[in-house]
Amino acid sequence: LYGDDTNIIYSYDKTGDAVTGGITWAHDDGTTLFKTGGSTTAMRIDGAGHVTKPLQSAVHAYSSSAQDDIATGIVTINLDAEVYDVNSDFNTGTYTFTAPVTGKYMMSASLDTSDIDTANQGVSLLVVASNRNYYFDEIDPRIEISADGKHTWTGSSLVDMDASDTLIMKTRSTAHGAAQHNIVTDSTWMTVYLAC
């Protein structure tokens, strides 16, 4: 189809009644839209070549409520709030990201804690995926922290996930110290997006 401002190619279902997808491009600047599920834009390429995917899974979840004096061992971080959640793949009630499709997902995390006990022999950031665990930046507080205090762990990885696989952010500490670590809210977070 041809319009005054836009060229359009649409596909229809077998009956020809419903649009199932299409491509449009503007004459003035060449902006091209790839549409799925009828008229929903799944990918946009503007005249300068910038590619955006408004439906691509992406989430930034963070801790917004106190989680004080956490137990030693492995503890789930309560990522109970979101900055954004394209495609609604993160559950703030279970603190879990669930992959909507099979692919490679870029995951980054930051764990900010206070009042770490220097008696602990090891504390680390842990991200648990359905198919493997990812440990980041383990420290030995007896050596690396001179007094009970604050530390931040960060990590990132490209995670292979099947559809319905999950990611959960946790922390792991040895049982040698007291259960006194506190999760610092707002600066503890995890981001995940579908990379390929």
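Mentor: S164 sits in the loop between β15 (149-161) and β16 (166-173); strands are DSSP runs of E of at least two residues and helices runs of H or I of at least four, numbered from the N terminus. The model is a predicted one, in which local features need pLDDT of at least 70, side-chain atom pairs count only at pLDDT 80 or more, and totals for chains, interfaces and linings use all residues. Residues are numbered from 1 along each chain as its sequence is written, and side-chain values use heavy atoms, with hydrogens and water left out.

S164 counts as exposed because its relative accessibility is 55%; buried means under 20% relative accessible area, exposed over 50%, and partly exposed in between, with a 1.4 Å probe and protein chains only. The phi of S164 is near 80°, a positive value in a residue other than glycine. Most residues other than glycine have a negative phi.

A positive phi is also found at D186, where the angle is near 70°. D186 belongs to the loop between β17 (181-183) and β18 (189-194), and D186 is exposed, with a relative accessible area of 54%. D69, by contrast, has its place in strand β7 (residues 67-70) and counts as partly exposed because its relative accessibility is 49%.

Of its 196 residues, 40% count as buried. Among contacts (heavy atoms within 4.5 Å) between residues at least 6 apart in sequence, 59% join residues at least 24 apart.
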